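Please look over the sequence and the model below before reading on.

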Amino acid sequence: MINPLFKKIHRDFKKGIGKYLILFAFVLILVSLVSGYIIGNNSMIKSYYANMENYRVEDGNFQATFIINDSILQKIEEENDIKVYYLPYVSKKINNDHDLRIYNISDRQNNNVDLFDVMKGRIPSNDYEIALDRLYCENNGIEVGDYITIDNKQYLVTSYVSLIDYQTLFKNNADTMFQSSTFSIALVNDSTFSLFGPTNLTQNYVYRYNNRNLTDKEINQKEQDITKYIYVNLLSSGNHLENIVVKSNNQSINFSIEDIKGDLATLELLCLLIGLGVLLVFSLSIKNDIVNDSKAIGTLKALGYHNSDILFHYLILPTLTTFLSAIIGNILAYTVMKDYFVSLYYHSYSLMSYTTYYSAKALIVTTIIPLASIFIMNVIIIMHYLRVPILNFLHSRVELKGKKKVKQLSNKIKFTSRFRLRVAFSNIGTFISLIIGSLVACLILLFGLILMPTLNHYKDRVVESQIAPYQTILKSDVETNIPAEKYLVVTLQYDEDEITVYGLFKTNDSSFLKDINIEPNKAVINSTLYEKYLLKRNDTIELYQKYSNDSYKLDISGVYNNESTLTIFIDSNTFIETFGTLRYLYGYWSNEPLSDVSDDFIYKVITTKDVYGFADQLIDSFGRIVHIYVVAVIILFALLILMLSKTVMEKNTLQISMLKILGYNQSEISTIYTLTIGIMVLISVLVATPISGLLLSKLWWVVMGSRMKGYIPVYIPIWIYFVVFGALVGSFILSFLIEKIKIKKIPLSIALKNQE
């Protein structure tokens, strides 16, 4: 004889197919979205570091005024235990002032350094053929087989390439933002390279350490020693060091990977919110199943079925649902979703080909932990209710205690009012579930809606917080006749963040830092640093030099309203006393360029245009990820509201049907019953909406503040609360209307058969 519980599984699935589809969708979105991102992100990071060695990336590069003679090169190599390679390039203009940096393919191939990846097409082998950077071509609509004009001559584009030393297209390492639409690297063969003439060459050299097992601290010391050594030896030979960039400071190599690493924080917050939604949906589902099947459970227990048999039965469908959705979710994660997220990075950076790596973290975070949590939660809830006495189950009272004492209501209260109160009292548990569910739904929806406003607000605040239209940082102390305000600057570490420390010569009457007041031997932090670390007046902040044991303590005397990067302001005397042994830089804030200062002395110039460019690039690259976040959270929000509404209406179906037996029509039932539930929903939404904003602000600070470098403060405009409130109320109304249609079709006999 077939176990009747096995037959019941099929009936339960058919009866609750809508509910199981909601559960399936929740887990599917959680696994596919978050796991897909983690897999893509992890694969990009691992591929990046593998490519660094496989394509033999440089450990530094430098440019000399003249070609360096062999004896000096040999001396530099022997004294620093490095190998130097000659990689000259030519700079040309194309396509309305776009910049092209042209290298000889043979220099890279023969020296086996700074190699490249052919992304499409073939490498140039004939004269007047050229390979261009993939991202530059895509941004400018250049296809393989097209021609470009250089010095009035046509060159055939034979391939898209990505160079290991130009993963991000920075024309100059000192630039604030890369130029993937106006700057490109190009490769040509020997004879084509010689056409550009030796007089146009930039004498560019790259080097690699012979010892590939150096620690970060050893590399940092070596970088400092090499810079000094090359400068002195070139100068002594009548040559001049034009520029030197070590790998750790090379934005063309490092910028992309730092961005890729930093994006995981947002996904972790989304994963947490979706996880809360999944647990809530499953808890409501299993509780609703037990309540609806209370008489069946009581009958089974009376017939001798053990709690373990019933537990196993009610675990089968939720477990199968989550397991199946997790499998499909992981398949989608390793295919569609992973490729989508990876494509977003290829849109911003000139990345090389990557390899997909299996991610144990993705499996644990998005599959094992959620599934285990759901299983354990279901076991706890089911076992809790299976302790209910058999008679209580048979009387449809899923309570451990006896029948609750009914509170007497005054006869002076109108019948309809008393009925509404009875409905409210009997649905206290449902009311609590509504508040919790509405709160989770608010959090999920709010997260998706605030991402773009937060980015746009951050852009506006960064632009507004720019200290001056021109910020010029110098390689050495140089005076200018242009009206400008001088300062000292150094970059140090605090926790995992880089902190910019300014030493001001004007501490009370600064023309650019309005109303700042810096006391001697005290520090003023900017508002971004305050928001991230909650530092306050009289606290002490301890900074340290990267790869060094040296640390520097500063006493905080106040907070200055400036939302740029993490910044500290001190007076110049305190600066020199504190950081005198460090290599710090000089700079000027001004309203116009320092035209009387030679470019040879300028390290970096940051303008308003650069700040806008940085903010726009942030929005462009991150905004593409935001779009899929918003779509996902809207779907999850709708599913959660549907589940909540379904639970509320199903719990009260019997009572509504009973009212119909007593002769009440649909409109009267609505005024007595549905109106009461509507008031409960409205109160739940009113409570959940503001609380969700406070909770999200705290979660944002905890997750984003601890996981990302720098800090983007959360911004929740008032109008978003009205949108969330309207979406909640509207969704509940729509869901209730759908459920009411179903309730109208329930036969009256069901209500009679289910009475005690």
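Predicted model: local features only at pLDDT ≥ 70, side-chain atom pairs only at ≥ 80, totals over all residues.

Residues are numbered from 1 along each chain as its sequence is written, and side-chain values use heavy atoms, with hydrogens and water left out.

Start with helix 3, residues 70-80; helices here are DSSP runs of H or I with at least four residues, strands are runs of E with at least two, and both are numbered from the N terminus. I72, L73, I76, E77 and N80 of this helix are buried, where buried means under 20% relative accessible area, exposed over 50%, and partly exposed in between (1.4 Å probe, protein chains only). The face turned away from the buried side of helix 3 carries the exposed residues D70, E78 and E79. After helix 3 comes D81, with a positive phi near 55 degrees.

Next, take helix 11 (residues 307-348) and helix 12 (residues 360-385), whose axes come within 10 Å and cross at roughly 165 degrees. Axes are lines fitted to C-alpha atoms, for helices over the stretch in contact, and angles run from 0 to 180 degrees between N-to-C directions. The two helices, helix 11 and helix 12, are therefore roughly antiparallel, a term for angles over 145 degrees.

Finally, T472 lies in strand 12 (residues 470-474). T472 is buried, with a relative accessible area of 2%. Leaving aside neighbours within four places in sequence, T472 is in contact (heavy atoms within 4.5 Å) with residues including Y487, Y586 and L594.

Methods:
Parallel < 35°, antiparallel > 145°, perpendicular 65-115°, else oblique.
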